[in-house]
Amino acid sequence: MKFSHLIIAASVAALSSTAVSAQTTVANATYVNPANPGNVGTASSSETADFTIQGTVSQACVLGAGGDLNDVNFGTIGIYADATSTVENVFTSVGPANGHTRTNLAGCNTANRMTVRKGNGVDGLRNTTNTGGYDSNVFQANIPYSIAAQYTAGAVGTLVPQASISQFSVSTTEDQDFKENAAWKSGAAFRIDISDPTKALVAGTYSDTVTVELAAL
């Protein structure tokens, strides 16, 4: 009697299990704890930052090899000195003369000023070797001269490529002159033109020292 009861109970349990399985559908569930922390501040999908790169180039000027230019020696300055000369022109200069010195290395890497200065001022070349005196009505012991400076440079504040020669002059009546330039580098030449003095020239050596200065502005 007990045995029959057990079989029936097992059959009912199996039917019940099959029915439950057939009625259940697939389901998904998500849970987020409301106590989770959020962003602090405003979140952004993009951001930029910058930094500076810096270095320094020193100001520099260069003029000639080691700062020297070659001396200009005119040799013998011609005068009228023969018996066929007239009283008016004897011992006077036979005419003007010119010479030059140059360098292929000159310039500044910043705005600059070139100054050309005569050591003897407007006197020009002076005769410092004659100590015997002379009649100043008809003789003189100096020879005025002019200097023309030639180099390739633009005006201050310009970015124009330079293809032509810049030039300025110190005339026979000036002791110095200057020109301001943008950064430049090129050769530099200095032409000296000796004048033809109106008076006769005292014998001796005539000389002067010219100073060429390149200085950053």
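The model is predicted, and local features need pLDDT of at least 70, side-chain atom pairs count only at pLDDT 80 or more, while totals for chains, interfaces and linings use all residues. Residues are numbered from 1 along each chain as its sequence is written, and side-chain values use heavy atoms, with hydrogens and water left out.

Back to the pair itself. T101 belongs to strand β2, whereas N70 is found in the loop between β1 and β2. Helices (H or I, at least four residues) and strands (E, at least two) are DSSP runs, numbered from the N terminus. T101 counts as buried, at 10% relative accessibility, but N70 is exposed, with a relative accessible area of 59%. For these words, buried means under 20% relative accessible area, exposed over 50%, and partly exposed in between (1.4 Å probe, protein chains only). Setting aside neighbours within four places in sequence, T101 is in contact (heavy atoms within 4.5 Å) with L69, N70, V72, A188, A189 and F190. N70 also pairs up in space with R102: the two are 32 residues apart in sequence, yet their C-alpha atoms are 7.5 Å apart.

The loop between β1 (61-63) and β2 (97-108) also holds F91. This residue has a positive phi of about 70° although it is not a glycine. Most residues other than glycine have a negative phi. F91 is partly exposed, with a relative accessible area of 37%.

Taking a disulfide as a pair of cysteine sulfur atoms within 2.5 Å, the count comes to one. The partners are C61 and C108, with their sulfur atoms 2.0 Å apart. This pair ties together distant parts of the chain, with C61 in strand β1 and C108 in strand β2, 47 residues apart. The torsion about the S-S bond of C61 and C108 is about 115°, so the disulfide is right-handed. C61 is partly exposed at 31% relative accessible area, while C108 is buried at 4%.

As for open space, the largest pocket holds about 830 Å³. Pockets were found on a 1 Å grid over the protein atoms alone, as open sets of points where a 1.4 Å probe fits, with protein on both sides within 12 Å along at least five of seven lines; lining residues have an atom within 4 Å of a point. Grid points are joined across faces, edges and corners, and a volume is the space filled by probe spheres set on the points. The lining of the largest pocket has 33 residues, and V72, F74, L125, S207 and D208 lie nearest its centre. Elements giving two or more residues to this lining are β7 (145-151), β10 (184-194), β12 (206-207) and β13 (210-216), with the largest share, three residues, coming from β13.

Zooming out, the protein chain has one helix and 13 strands. Buried residues make up 26% of its 217 residues. Of the contacts in the chain with a separation of 6 or more, 81% are between residues 24 or more positions apart.
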